[in-house]
Amino acid sequence: MADMALSGLPALLAAGLPQQPGGGVTITERCGLGIATMQARHGQDASLRERIRQHFLLELPGRPAIVRAGSVSFTGIGPHHWLALSEGGGHVFSGSLRALVAPLASVSDQSGGYVVFRVGGPAIRDTLAKGFPIDLDPRAFKPGDAATTIVSHIGATIWRCDDGADGSACFEIALFRSLSQSFWEWFASSAAEFGCQWQGAVQQ
Amino acid sequence: MRIPCPYCGERDLSEFVYYGDPVPRPDPTAADAPRRFYEAMYLRDNPAGPHEELWYHANGCRGWLRVSRDTRTHDVLGASFAGK
């Protein structure tokens, strides 16, 4: 269970990451998250929704979207399939979620398997447009919308957060932790012309 | 070519894996099972026009889709989950 220790450690180490002039794009890593995938078992969708509603006071999204309640969120990543995040939950989160939804759904711990980056800044859409083959225009991809797709040959789930205080867009991107260095290389080179500020790993 | 995934919405071809037309699996207990499997595996129709085919949304929702496509124009006439 080596990956039990990974969720609290940054996937990208700030040392050696270049700070580029300009402030067009910012990126941080959300560290310490509890991450799990949850898949409803056959015919148990309605019962699972009811159990999640009662416990977390939220409605599981039936489409690619993120729904939050307190420190927990569920993102639709496929039919009857969700990515669950818990701030500060670490690997313990998946166990408690598994116990909560048994036997209605299967839960797999991904706390050491996925990494979540938060990206923003005035030029973030121009940066993401270089890699994501989906429409991230504010009219097409609204706050709370999510998409599971591919970026630079890396599978990724992206969702839009509320805009920043300066009105610029904010997104979060989940991808396999082992590919985070490859993602960083794509992101940094795509954002270079706008100025990319690495703001470190933020403990949740 | 873009495929309208029932869950994800319209997505680029590069997110999908092609699996051919949905031929039912032959009965393995039939006396001529080897011939039936050979035909199901290799002897596929190749129509010029509307074609029913399976696509796996590997880089999206990971669902299997049944897509109707015109093989002459690549117009996608419809898509639904294969399991339904």
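Residues are numbered from 1 along each chain as its sequence is written, and chains are lettered from A in the order in which they are written. Because the model is predicted, local features need pLDDT of at least 70 and side-chain atom pairs count only at pLDDT 80 or more, whereas totals for chains, interfaces and linings use all residues; side-chain values use heavy atoms, with hydrogens and water left out.

From the N terminus on, its elements follow the order β-β-β-α-β-β-β. The C-alpha trace of chain B spans about 45 × 25 × 20 Å along its principal axes.

Next comes the meeting of the two chains. In this model, 14 residues of chain A are in contact with nine residues of chain B, contact being heavy atoms within 4.5 Å. The size of an interface is often given as the accessible area lost when the parts come together. Here chain A and chain B bury about 990 Å² between them, and 54% of that area is on carbon and sulfur atoms; the value is the accessible area (1.4 Å probe) that the two parts lose on being put together, summed over both. Four residue pairs, both members at pLDDT 80 or more, are in polar contact across the interface. Such a contact is a pair of N or O atoms within 3.5 Å; within protein, one must be able to donate a hydrogen and the other to accept it, and residues adjacent in sequence count only if both atoms are side-chain atoms. On the side of chain A that touches chain B, β4 (72-78) and β8 (146-151) of chain A each supply at least two residues, and β8(A) gives the most, with four residues. That side divides into eight nonpolar, five polar and one charged residue (Ala, Val, Leu, Ile, Met, Phe, Trp, Tyr, Cys and Pro count as nonpolar, Asp, Glu, Lys and Arg as charged, and the others, Gly among them, as polar).

Salt bridges tell a further part of the story. Between chain A and chain B the count is zero, while over all chains it comes to 19, with a salt bridge taken as a side-chain nitrogen of Lys or Arg within 4 Å of a carboxyl oxygen of Asp or Glu. One of them joins the side chains of Glu52(B) and Arg66(B), at 3.0 Å from N to O. Glu52(B) lies in strand β4 (residues 50-56) of chain B and Arg66(B) in strand β5 (residues 64-70) of chain B, so this pair ties together parts that are 14 residues apart in sequence.

On a 1 Å grid over the protein atoms alone, a cavity is a set of points where a 1.4 Å probe fits but cannot get out, and a pocket is an open set with protein on both sides within 12 Å along at least five of seven lines; lining residues have an atom within 4 Å of a point. Grid points are joined across faces, edges and corners, and a volume is the space filled by probe spheres set on the points.

The largest pocket holds about 550 Å³ of space. Its lining has 24 residues, with Gln39(A), Gly78(A), Pro79(A), His80(A) and Phe81(B) nearest its centre.

Finally, the peptide bond from Ala102(A) to Pro103(A) is cis, with omega near -5°.
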